[in-house]
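Please keep the sequence and the structure in view while reading.

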Amino acid sequence: MIVLQSTARAFRVLTRANVRILINDCDSIRLSLGCVLRNRTATHLIQTRDMASESENEAARAQNRLSAEKSPYLLQHASNPVNWYPWCQEAFDKALAEDKMIFLSVGYSTCHWCHVMERESFENEEIGKILNEHYVAIKVDREERPDVDRVYMTFVQATSGGGGWPMSVWMTPDRCPVVGGTYFPPDDRYYGRPGFKSVLLHIAQLWKNKRQEVNDQGNSILEALSRAKIHTQDGEGTPLPGIQAIKTCFNMLDKSYDEELGGFGKEAPKFPQPVNLNFMLRYYANNSSTEEGKRALDQALFTLTCMAKGGIYDHISQGFHRYSTDKFWHVPHFEKMLYDQGQLLSCYSEAYQITKEPRYAEVAKNIIEYVTRDLQSPAGGFYSAEDADSLPSEESTIKKEGAFCVWSQSQVDSLLAEEVQGYPEVTLANVFSHHYGVKPEGNVDPFQDPHDELTSQNVLIERGSLIDTAKKFGLTEELTRTSLNKGRQLLYTARQTRPKPHLDNKMVAAWNGMMISGLSKAGQALGEEMYTQQAERAAEFLKKYMYKSDVLLRTSYCGLDGEVQAGPIDIEGFADDYALVIKALLDLYETNFDTKWLEWAEDLQEKQNTLFWDHEDGAFYNSCQADTSIVLRLKDDQDGAEPCSNSVAASNLLRLSNILQRTDFRDMATQICKVFQQRLTKIPIALPEMTSALFWTSGTSKQIVLVGDPASQDMASLVRCVNSHFLPNKVILMVPTEGDSFLSRRCQFVNSLPQVEGKATAYVCENYTCSLPVTDVDSLHSILDMKSKL
């Protein structure tokens, strides 16, 4: 196995020298990436508008092997005239036996350009015949098999400088990549660049006539990638990154901050980037008395506010779309992903915890409403995503992006024709259209609508405020709020009559973990027991359906009757599944104080260590050594749309160390940071989540110990007090005075902390040295306020 960084820059020099072994026209194919990447508009389309819908009635038309799969993405391709295989040994054996190259296509069920390439190429009988004759074709759902995706995306990025989905890779029978790209049009239609059919035929000829050169190229690429290893010196020789890395990360984010529109990055597209928001909130918490700390908070809050007012937020059905295609947070890519909802729920909950401003609580509640209404299975787990595309009407045959979400002026006028009570000259439509920027000609910039799918349509966005709208029509603020609420409800009801987007009902352990964390954070910050109960229900789901023989599973699926189904084979969890589920369990424990979640978190951490830890250099591989189908074993080193496994694991290990007094876990967390020492020191903006873990190692850890009856009212008051403070570098321990206590057995120092006068008692400790006990809320507030300012 080979260990390498996931960033393309680390290998580009190494690989480009080797990839040119083949003749020049093959090099032009490799660089095509859809044949139009050099054109700015096309680049934007391919890289940022990557969504799709399902093929209709896949099961009824199933013809190839993918019909036996459970992945919604693979089932979308089950009726293609391509003899697709899933990622399996049978396909690899066939390639070797028949001496054929492998064509690998990777995507996901809500990927727009995946669907385009399917319609143009994979449903084409002629292209299907070419694929079947010359290649063994393998289709992979990147959300099921992120390990496969990361290996070959690393290759594509390293050799071309870009990447995206669908990902197309040609490789030797032993799975060494040779040529790669993303979307390819079916024919030679763009600037003389070869289309997919031409590429297939050309590479087939190269394999027939220049077999040795192709094999040499594959081996050379693999060898080049193998030289880009992540190493660390021994523990004594590598310094642990500290305060300077934290300051560098802040400075980098501060420099990239968009003061006018919020967000980190001033150009389109605009992504939510919860990992950046998490870091800035924690930078504030650890520097609350400084100007830099206050600036970090202001930037995070302003970004959260702008996103919630923008079109990236669904003002009718709630929840956030994937990202904004413009810099104004206006026209989104309309897909909705579970991992965005879970992470942003944590961000808005923490923003409310800090500020007590109702607008952040309202967004958090709306995210929960959307997810539990539209993305939750009957068994309690959460589905992966909703598509961007849908049919504009029941009579339509062609899906359009955003059709489910957008509105024409005439639709708004018709649905909201009712007059505002007491104002006969003002309709709900007048108020609503002004507040959300609805225009007769539509409010979408044509540049953001390359396929003319949004012509004369409006994406709702709040450019002003409630006060501005009230003044415009001479209304009270309360009446304006009531009118807007009624307008949203009427449009929601109308929207439910539209054809709904495809739902990817695959349930991913890591993404469920993020949602459990979000619900737990909301339960703490908002004091809503039902949010905690939803988190508990989802955790029970994971334990029942996605934990088998002490191993976490990556996915489960929803059957036709809502029952939970396993896939044809169990896909065992990857490092990010373990890390994010462990984090969820720790967050849940600190919300309901049920130690069964803490015990399971420790068990999962031990399993993660066994399966993924690099005993030679430290840190976690993203896949286990037992899977011999993976030619490159990677270590994640980039916090992107999702935090990487090593970043989350570092914080988990530190939290578990503080809860259970396990110095071995702290040593492992320290080693992770040392493995990525150079990255954390020079470009910590690539790892903001891991940089956040440095707050634990750079300061004194805090333990808040609550002793007494967990069910008592006085204990509930102390818990509410703790939850009203934003204290990210702490753990909360509940020690019951009656019965056998897991913490009393595993965390010995709590046994020296008695309950005072039969009352619920709180101790605030640093490195297990504790303050005097307090039994009243005011005293606890005072201590926590003082600790937060130190």
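The second largest pocket holds about 950 Å³ of space. A pocket here is an open set of points on a 1 Å grid over the protein atoms alone, where a 1.4 Å probe fits, with protein on both sides within 12 Å along at least five of seven lines; lining residues have an atom within 4 Å of a point. Grid points are joined across faces, edges and corners, and the volume is the space filled by probe spheres set on the points. Rolling a probe the size of a water molecule over the atoms shows where empty space is left.

The second largest pocket is lined by 33 residues, and those closest to its centre are Arg-359, Glu-362, Tyr-436, Glu-462 and Arg-488. By class, the lining comprises 13 nonpolar, 9 polar and 11 charged residues. In this scheme Ala, Val, Leu, Ile, Met, Phe, Trp, Tyr, Cys and Pro count as nonpolar, Asp, Glu, Lys and Arg as charged, and the others, Gly among them, as polar. At least two lining residues come from each of helix 13 (291-309), helix 15 (358-374), helix 18 and helix 19. Helix 15 gives the most, with 8 residues.

The model is predicted: local features need pLDDT of at least 70, side-chain atom pairs count only at pLDDT 80 or more, and totals for chains, interfaces and linings use all residues. Residues are numbered from 1 along each chain as its sequence is written, and side-chain values use heavy atoms, with hydrogens and water left out.

Helix 18 (residues 466-473) meets helix 19 (residues 477-495) at an angle of about 100°, and their axes are 9 Å apart. Helix 18 is therefore roughly perpendicular to helix 19, a term that covers angles of 65 to 115 degrees. Axes are lines fitted to C-alpha atoms, for helices over the stretch in contact, and angles run from 0 to 180 degrees between N-to-C directions. Leu-466, Ile-467, Thr-469 and Ala-470 of helix 18 make the contact with Glu-477, Thr-480, Arg-481 and Leu-484 of helix 19, where contact means heavy atoms within 4.5 Å. These residues divide into 4 nonpolar, 2 polar and 2 charged.

In the protein as a whole, the secondary structure comes to 30 helices and 22 strands. Helices (H or I, at least four residues) and strands (E, at least two) are DSSP runs, numbered from the N terminus. Of the 790 residues, 63% count as buried, that is, under 20% relative accessible area, with exposed meaning over 50% and partly exposed in between (1.4 Å probe, protein chains only). Helix 6 (residues 112-122) is largely enclosed by the rest of the structure, because 9 of its 11 residues are buried. Among these buried residues are Trp-113, Cys-114 and Phe-122.

The backbone also has some particular points. Most residues other than glycine have a negative phi, and most peptide bonds are trans. A cis peptide bond joins Trp-165 and Pro-166, with omega about 5°; Pro-166 lies in the loop between helix 8 (146-160) and strand 3 (167-171). Another cis peptide bond joins Ala-268 and Pro-269, with omega about -5°.

Arg-175 is not a glycine, yet has a positive phi of about 75°. Arg-175 sits in the loop between strand 3 and strand 4 (177-181) and is buried, with a relative accessible area of 13%. Ser-456 also has a positive phi, near 65°, but is partly exposed, with a relative accessible area of 36%.

Note on methods
Parallel < 35°, antiparallel > 145°, perpendicular 65-115°, else oblique.
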